Structure formats: C-alpha cells, structure tokens
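Here are my notes on the model, point by point. Please read them with the coordinates open.

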Amino acid sequence: MKPGKRYLLSAAGLAGFLLLWEGIAQSGWFEAHLLPPPSTLPVTLLSEIRLGIWQEMVWASLRHYSIGFVIGSVLGVTLGVSVALFPKVEASQAWLARVFRPIPPLAWIPFAIIWFGISETAAAFIISIGIFWINYFAAMTAVLAVDKDLIEVARAFGHRTMFALLRKVIMPGAAPGILSGIRTGLGQGWMTVVAAELFGIPGIGQRMIEASGLLASEVVVLYMFSIAFLYGVSDYIFVRIQSKVLEWQR
Amino acid sequence: MATVIQTDNLAVSFDGVTPVFEGLTLAIEKGEFVSLVGVSGAGKSTLLRVIADLIPAFKGSVRVDTPSDPTRRAIAMVFQAANLMPWRSVEDNITLGLEGIDVSDRLKKERVRWTLDLVGLGNYADRWPYQLSGGQQQRIGIARALAVDPDILLMDEPFGSLDAITRNALQDELLHIWKETGKSILFVTHDIEEAVYLGDRVLLLGGEPAHIINEYSIGIERTERRESEAFLRKVEKVRGGLQDAINVTLSAH
C-alpha cells in the first residue's frame with residue numbers, strides 16, 4: 001500500500017468512528033451525560049483552557065510523569081545492566097525481584113500516601129515503580145543477549161577492562177533492547193499517572209474524578225483524549241530520537 | 001630469520017583436567033605464511049586464542065614478539081564471521097583496535113585509507129556493516145586487523161562461510177596483501193586446498209591429546225599452485241595425513 005493511501009484510510013477510520021459516535025450521541029437514545037457527543041469537545045477544551053484548569057492539570061501530570069519516568073528508567077536500566085553483568089548482584093537480588101515484581105504499581109498507593117502524603121512525590125513514586133520493572137527486565141535481557149563473539153572481538157583488539165567492554169560493546173549492543181524498554185515505560189507511565197492522581201493528587205486524574213462526580217462527562221472525555229494526545233506526542237518524539245540513535249539498524 | 005611466535009609444550013584446558021591439546025611446540029618465523037589444518041575438535045581455533053591471549057595457557061608457554069612502536073599491536077585476529085560491530089560505520093570498525101593505543105587522528109585516517117585501499121573498498125568508509133555483502137564484511141574484518149599494523153595476523157577460517165568465487169578472490173587478495181606488507185600469518189582452515197594454496201608450510205594438528213603431528217613444506221611457486229600437478233599431489237599428501245590422523249582418533253574411541 002502506498003503511504004498516501006495508508007494515511008487516507010487511517011484518517012477515514014478515525015473520522016468514521018467520530019461520526020458514528022456523534023450520530024449515536026445525537027440520536028437521543030442515551031442521556032447526554034452517558035455519552036457526550038464529540039462535537040462538545042472543542043467547546044469544553046476552550047472553557048477548560050479559559051479557566052486555566054487544562055494547562056494546570058496537564059502541567060501537573062506532566063511533572064509527576066516526567067519525574068517518575070526519569071527515576072524509574074534510570075534505576076531500572078542501571079540495576080538491569082548490573083544484574084546482567086555481575087552474577088553476585090544477580091544472585092543477591094533474584095528472590096527480592098521475584099517477591100516485588102508481581103506487585104502492581106497501584107498496590108503501592110496506600111504506602112505512597114502514608115509515606116509522602118497526597119503529594120507530587122507520591123504520584124511520581126507510583127509512576128516510577130511500573131517504569132522501573134519494565135526497564136529492569138528489558139535492560140537485563142538486552143545485555144544478556146549481546147553477541148559474545150563481538151565481546152571477543154573487542155577483547156582481541158585490546159579492549160579488556162569491564163569499563164572498556166561496556167563502552168565499546170555491551171552498551172551499544174544492548175541499546176536497541178534498552179530503548180524499546182524505555183519506550184514501553186513511556187506508555188506504562190501514562191497509564192499509572194491517572195490512576196495515581198485519582199486519589200486526590202492534583203493532575204489530570206484528579207480533574208477527571210472531580211468532573212465525573214458532577215456528571216460533566218464531556219470533561220472526562222476531554223481529559224481522556226488529552227492523555228492520548230500527550231502519549232502520542234511523547235512517543236513520537238521518542239521514536240524520532242530512537243531511530244536517530246539506532247540509525248545503524250537495518 | 002627471527003621467530004615471531006614460539007610456543008613450548010603448550011596445553012590448554014577448559015575444565016582444568018582434560019587438555020584440548022598438549023605438548024604443542026611450534027615456531028613461526030617473521031614474514032612466514034603458515035596454514036594450520038587438523039582433526040575437528042583438536043583445538044585449531046583454541047590455539048589462535050591462546051596465542052592472542054584471549055584464553056590462558058594451562059601448561060607450557062607462548063612467546064610473542066612485541067613491536068617497540070606504540071602505534072602498532074603485536075597481533076591482530078580475523079574471525080570466521082567478520083563480526084563487525086553493527087553500530088559502527090566501516091571506518092569506525094577499522095579503527096576499533098587503534099582506540100587505546102598511541103595513534104594520532106591523522107595516523108588513524110591514514111591507516112583507514114591504507115587498509116581500505118588494500119582490501120579494495122576505498123569508497124566504503126561511511127557505510128554501515130549491514131549494507132555490505134558477506135565478502136565485503138570479511139574484507140573489512142581484514143582491514144580492521146591490518147589497521148593496527150600487526151607483525152602477526154591470526155586468521156580463524158576467515159573465508160569458511162563465503163561462496164567459492166568470493167573465497168578464491170579473497171585468497172588471492174590475502175596473498176597480495178601478505179607480499180605487500182610482509183606480515184607473518186597463521187591461518188586456520190578446514191579446507192586443505194586452501195591451506196596448501198596459501199601456506200609456505202602446512203601444520204597438521206591431531207592425535208590424542210592433540211599436538212602437531214606433521215608438517216608439510218609446500219615449496220611450489222604460488223603462481224603454479226591452483227592447478228598444477230605438483231600442487232594437486234601436495235594436496236593429496238596433506239589430505240592423506242589428515243585422514244590418517246582422523247582414523248587414529250576414531251580408533252582411539
């Protein structure tokens with residue numbers, strides 16, 4: 001399929017969906033608050049922006065998200081790489097990882113609130129947990145999968161210390177796996193950000209729960225789409241960076 | 001002639017008990033092209049690796065002549081699969097061995113140019129490895145080894161995975177490079193014709209535990225080698241020696 005045709009079909013699919021939704025919402029089969037028509041969204045967006053709420057909530061969520069994303073990614077990659085490199089580190093944390101990994105990030109909400117209160121730190125903490133595990137496993141797998149023959153080549157050409165091997169072979173070789181872990185975390189982060197805020201930490205999630213209490217379902221829908229938009233933008237930027245870094249791949 | 005590699009009663013063992021080979025003594029002279037063939041599992045690749053100090057000797061010793069020039073390395077290795085780093089451009093793959101020794105950027109550029117010209121890929125410096133054919137990748141593997149201007153090239157079945165035409169072309173290219181540069185080459189192969197075609201001498205590794213059981217001096221002009229009677233007779237002779245070694249190994253089990 002030609003790229004032009006592909007775009008056209010994709011756009012038609014989305015437009016068709018919106019039209020169908022608008023039609024059903026306008027048909028009067030449902031009460032307006034059960035299914036707000038998409039045509040109300042621009043007005044809702046404008047009014048939220050005019051009130052200054054949209055910017056404030058998006059900015060707050062973006063902050064929690066970014067802090068959690070950076071902390072979770074850095075710690076996850078660092079620990080994942082160390083575990084793959086050093087058998088003793090691997091052994092010492094093997095059971096710990098088995099115990100803590102299955103606990104979903106949202107199960108940490110009570111402790112996040114007990115430890116950090118209803119605060120940005122609490123939200124960032126919850127977000128970082130999910131992102132941590134994704135990166136931890138992605139980085140560990142990526143490092144273990146680095147071609148041993150290439151490590152031998154590097155050694156044969158004089159790069160024999162652990163640091164030199166990390167720099168010349170292991171990190172570049174593991175980069176595709178590590179980056180795809182970071183990208184998965186990028187999406188996972190947006191999923192937890194809203195859940196973390198449903199408990200009253202200011203941000204998109206809090207505004208959604210507030211609006212649903214007032215049956216302002218068009219506001220809820222607006223913020224749902226806002227998340228999709230933010231995720232789309234961050235993923236797009238990341239993929240651009242990723243393909244630049246991994247230019248050497250086929 | 002000066003000896004560039006000397007092993008004495010060398011043994012390698014992976015488990016610290018059973019040796020891969022034992023009592024292995026050989027000497028390679030400066031500028032010599034030595035082929036190494038042998039029973040499979042006799043440790044041909046292992047021998048190259050212990051000479052390159054990639055794995056330790058279990059018993060005995062390896063002595064390698066080291067150059068006093070800090071811009072060169074004593075040894076460089078060419079592997080069976082070219083094993084280029086896919087995230088490095090051709091040029092950066094060639095300079096891999098120059099990182100960590102005392103080579104100026106200017107000299108680096110010179111070495112890249114020189115080696116790329118030697119392997120006939122002068123215009124390929126900016127390519128990614130995935131853009132090269134198998135034969136081209138192997139040429140870059142050779143250029144990478146030559147870039148450190150080593151006295152000794154250790155080659156581990158470098159043409160084993162190439163098609164016959166590319167293999168013949170690269171054999172002739174290698175001979176040309178060898179004459180041009182005067183390197184000493186230890187060349188492992190399972191292809192006896194290749195061993196006889198390239199080497200001044202062919203060493204035969206076999207026995208239980210393995211050691212050097214025979215040595216064939218080729219002594220035919222290389223221009224006469226591909227098809228001549230004398231060449232074919234030599235190939236048959238080495239093949240017979242290898243067959244005997246295989247039979248001995250089989251009957252020992």
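Which strands of chain B does helix H1 (residues 44-51) of chain B lie across, and at what angle does the helix run to E1(B)?

1. Conventions. This is a predicted model, in which local features need pLDDT of at least 70, side-chain atom pairs count only at pLDDT 80 or more, and totals for chains, interfaces and linings use all residues. Residues are numbered from 1 along each chain as its sequence is written, while chains are lettered from A and ligands numbered from 1 in the order in which they are written.

2. The helix in question. H1(B) lies across E1, E2 and E4 of chain B. The helix runs at about 120° to E1(B). Helices (H or I, at least four residues) and strands (E, at least two) are DSSP runs, numbered from the N terminus. Axes are lines fitted to C-alpha atoms, for helices over the stretch in contact, and angles run from 0 to 180 degrees between N-to-C directions.

3. The three-stranded sheet. The strands under discussion form an open sheet in chain B, in the order E2-E1-E4, with antiparallel pairing. Strand E2 (19-29) and strand E4 (59-64) of chain B each have a single partner strand, so one side of each is left without a neighbour in the sheet. The twist averages 15° from one strand to the next. Strand E1 (residues 3-13) of chain B is joined to E4(B) by five bridges. Thr7(B) has Val62(B) as its bridge partner in E4(B). Two strands pair if DSSP finds at least two bridges between them.

4. The six-stranded sheet. Chain B also has an open sheet of six strands with mixed pairing, ordered E5-E6-E7-E3-E8-E9. Strand E5 (75-78) and E9 of chain B stand at the edges, so each has one side without a neighbour in the sheet. Direction ignored, neighbouring strands are turned by 20° against each other on average. H7(B) lies across strand E3 (33-38), strand E8 (201-206) and E9 of chain B. Its angle to E8(B) is about 10°.

5. Five of the five residues of strand E7 (residues 184-188) of chain B are buried. A residue is buried if 20 or more other C-beta atoms lie within 10 Å of its own, exposed if 12 or fewer, and partly exposed in between; C-beta atoms are placed from the backbone. Ser184(B), Leu186(B) and Val188(B) cover one side, and Ile185(B) and Phe187(B) the other. E6(B) pairs with E7(B) in the parallel sense over five bridges, and Ile152(B) has Ser184(B) as its bridge partner. E3(B) and E7(B) are also parallel, over four bridges. Here Val34(B) stands opposite Leu186(B).

6. The nonpolar core. The largest nonpolar core has 124 residues. Such a core is a set of buried Ala, Val, Leu, Ile, Met, Phe, Trp, Tyr and Cys residues joined through C-beta atoms within 7 Å. Ala139(A), Met77(B), Leu154(B) and Leu186(B) touch the most other members. Helix H6 (residues 120-144) of chain A gives the largest share, 17 residues. Leaving aside neighbours within four places in sequence, Leu154(B) is in contact with residues including Leu48(B), Ile51(B), Met77(B) and Leu186(B). Contact requires C-beta atoms, placed from the backbone, within 7 Å.

7. Helix packing in chain A. Helix H2 (residues 41-50) and helix H10 (residues 217-245) of chain A pack at about 85°, with their axes 9 Å apart. H2(A) and H10(A) are therefore roughly perpendicular to each other (65 to 115 degrees; under 35 is roughly parallel, over 145 roughly antiparallel, the rest oblique). Among the residues in contact are Leu41(A) and Leu45(A) of H2(A) and Leu222(A) and Phe225(A) of H10(A).

8. Is Arg111(B) buried or exposed? Arg111(B), in helix H3 (residues 105-118) of chain B, is buried, with 21 other C-beta atoms within 10 Å. Thr223(B) sits in the loop between strand E9 (211-217) and helix H7 (229-251) of chain B. Thr223(B) counts as exposed, with 7 C-beta neighbours inside 10 Å.

Conventions. Two residues are in contact if their C-beta atoms, placed from the backbone, lie within 7 Å.
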